[in-house]
Structure formats: C-alpha cells, structure tokens
Amino acid sequence: METKKKLAPLKGFKFIEFHREFAYFFHDYELNELSAIEEKPGVAPSAARLANVAQEAKSAKALLALSSLHSPENHLKKFSELSDISYKRLPIMVQKKGEGDSIAKLQALIAGTLLNAKPKP
C-alpha cells in the first residue's frame, strides 16, 4: 500500500515499455502504459515501428520508457532520439545481490525510477 501511495502523483502520466515487461507493475499500481516499443515479443522493432511508436509516445507526452536489462539498447537509444523521451533499463526479476535482491526492493527500485522521471516543460 505504501508504494501505491507514493506512486499516486504519477497517475496522470503515461509510460511506455520496450516489451511489456512492466505491464503487471503498471496495472497493480494503476499507472498508464501506452504500448510497447516492440510490436511482437522477440522481434526487433522495424525503423517504421520505432518512428510510429516514438511519435505516439511524444504526442501522448509519455514521461519515461522502461525496459529490462536484456532489451537491446540501440533500439532504446533510437526511440529516445526520435521521441525526446528518456529511457531506463531495470531488472525485472529479483537479483541475487544488488538493489533488487528482494521483491520489495525490486518494486521500490522501479517505483523510485518512475518517481525520479521529470516531465518535459
């Protein structure tokens, strides 16, 4: 419940993800996700797909793009370049050590990343 209260100020913002890897997080905390950069799981987005989704995200004023640590960074960089929306790569599973070494810490890491995103003027 504490995380839900912390994330409440973000309810009016939209987020995009690379591969729908944060869909349950967004759903559980009632946050708005636009779509995924990757159209089909495991299939790299085409140049046209990147351009379209970047324009969609920019028009919707998405606050941030999220991806797992395994997502190809070159596509994220291109998306960011086209949309002027920052991206963050995060773990999506509990890690043996580090910031996300428990479910609570992993969720806090994701929440903190979202809360630190700054809207564009």
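## Exposure classes

A residue counts as buried under 20% relative accessible area, as exposed over 50%, and as partly exposed in between. Glu73 has a relative accessible area of 31%, so this residue is partly exposed. The model discussed here is predicted.

## Strands β3 and β4

Strand β3 covers residues 64-68, and strand β4 covers residues 87-90. The two run parallel and are joined by 4 bridges. Ser67 stands opposite Arg89 of β4. Between β3 and β4 the chain passes through helix α4, residues 73-83. This β-α-β crossover is right-handed.

## Arg89 and Glu73

Arg89 also takes part in a side-chain contact. Its partner in a salt bridge is Glu73, at 3.3 Å from N to O. The pair links distant parts of the chain, with Arg89 in strand β4 and Glu73 in helix α4. They are 16 residues apart.

Arg89 has 27% relative accessibility and counts as partly exposed. For Glu73 the relative accessible area is 31%, also partly exposed.

## Glu33 and Arg20

A salt bridge joins the side chains of Glu33 and Arg20, with an N to O distance of 2.8 Å. Glu33 sits in strand β2, whereas Arg20 sits in the loop between β1 and α2. This pair, too, links distant parts of the chain, 13 residues apart.

Glu33 is partly exposed, at 26% relative accessibility. Arg20 is partly exposed as well, with a relative accessible area of 42%.

Glu30 and Lys11 meet through their side chains in a salt bridge of 2.8 Å, N to O. Glu30 lies in the loop between α2 (23-28) and β2 (32-36), and Lys11 lies in the loop between α1 (2-7) and β1 (14-17), so the contact ties together parts 19 residues apart in sequence.

The relative accessible area of Glu30 is 41%, which makes this residue partly exposed. Lys11 is partly exposed at 35%. Both belong to a network of salt bridges that also includes Lys4.

## Salt bridge count

How many salt bridges does the model hold? With a cut-off that places a side-chain nitrogen of Lys or Arg within 4 Å of a carboxyl oxygen of Asp or Glu, the count comes to 7 salt bridges. Among them are Glu30 with Lys11, Glu33 with Arg20 and Arg89 with Glu73.

Note on methods
Residues are numbered from 1 along each chain as its sequence is written. This is a predicted model: local features need pLDDT of at least 70, side-chain atom pairs count only at pLDDT 80 or more; totals for chains, interfaces and linings use all residues. Side-chain values use heavy atoms; hydrogens and water are left out. Two strands pair if DSSP finds at least two bridges between them. A crossover is right-handed if, with the strands pointing away from the viewer, the path from the first strand over the helix to the second runs clockwise. Buried means under 20% relative accessible area, exposed over 50%, partly exposed in between (1.4 Å probe, protein chains only).
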